Amino acid sequence: MQEAGIALLLALARVLLGSLVVWLLVRLLRSRLRRFDRRSGAALGRDARIVPLLLSSLASLGYLAMVVWGWRSLVRSWEVLRVDPGPDRLVEGAALLVATVLVVRLINRSLLLLLERSLQRLGREEQTSTLRALAPMIRALFWGLGTLVFLQKQGVPLGAVYASLAGAGIGIGLALRGPMSHFINYLTIVIDKPFQIGDLIGFADVLGPVERVGIRSSSIRSLSGERIVIGNEELLQKTIRNFGDLPRRRVAHTLRLSDRMAADKAASIAGLVEGVVRAHPPATFDHCHFIRFVEGALEFQFVFFVPESDVTVYLDLQQAINLGILEAFQSQGIDFAPSPQDPASPRISPAPG
């Protein structure tokens, strides 16, 4: 009995001494990190939430290791425990279970924090809501892996378990083929970002701003007002023109003017067009040139830029510039050429006065 008491005291002393060492090491690491934080002028805060989480988990694992160390010393010193392996296996199993829980919790929390911070640094903060929606699935995956590792360490035959999981996976995959396909298409739009809510997009004969991106379908409000709902899978198979991502819009127009125009008037066209464009900011004039002779007409091309992607701003400027050019040409007696389909088109007469 005296031998058992001495063994128990030695085991408790080792547990307490080891735990004290772990506590001092963790405290030292925390003080060093805080000192470095103050010296660098940064703040741990949200960017380094993983550091205290890691220290806390390491401290818990350290305390657990000291308990196992104390138990090992007790088993070596107490003959009764060496004869009956039951208590030793029970303690080892409990320690492994606690260690597995601590490690899986650490992986789940640190991985989600790292993914969330990475999205914020990449400027994709709107996708953090998607990450939070996927968080239960990620946690369940790692908890499942942790459970399999624990059972395997305990000597549980997992052949039947793996076969059952494979069969269940095939059945679940067939049952969820449609929903999973919709979900993957939704993730493709969210992560790859071919368009975002509010962007003006065009595909096939549809043109309009995106109103909603759902898991199964997306909604586009056409310029004529109706709401168009299209499946994400079908939408991703089309060629999408995203007008909402234009840093600036290049606008090129061709003017067909009468070939009976005098040379001095033809030379003044570029100046007239430039003056009209510059009178309508924020449009930026680029060039205007007499490009070629065609049957019954002189063709001029002019280009200007609109430094906004908003289609309404673009259409307003284009209308104002077209009206300004029409007014300038009328005042100078410059006629447009009739179109090839309508050779008898009326000529534009000069404005009175």
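In which helix is the place of L24? L24 belongs to helix α1, which covers residues 2-40; helices here are DSSP runs of H or I with at least four residues, and strands are runs of E with at least two, numbered from the N terminus.

The model is predicted, so local features need pLDDT of at least 70 and side-chain atom pairs pLDDT 80 or more, while totals for chains, interfaces and linings use all residues. Residues are numbered from 1 along each chain as its sequence is written, and side-chain values use heavy atoms, without hydrogens and water.

**Helical spans**

The unreviewed UniProt entry annotates several stretches as "transmembrane region", including residues 6-29 and 50-70; such annotations may be inferred rather than shown by experiment.

**Exposure of L24**

L24 counts as partly exposed because its relative accessibility is 45%, where buried means under 20%, exposed over 50%, and partly exposed in between (1.4 Å probe, protein chains only).

**The sheet**

Five strands make up an open antiparallel sheet, ordered β4-β3-β2-β1-β5. Two strands pair if DSSP finds at least two bridges between them. The edge strands, β4 (227-231) and β5 (241-242), each pair on one side only. Strand β1 (residues 200-203) is joined to β5 in the antiparallel sense over two bridges, and I201 stands opposite N242 in β5. In general, strands of a sheet pair through backbone hydrogen bonds, either parallel or antiparallel.
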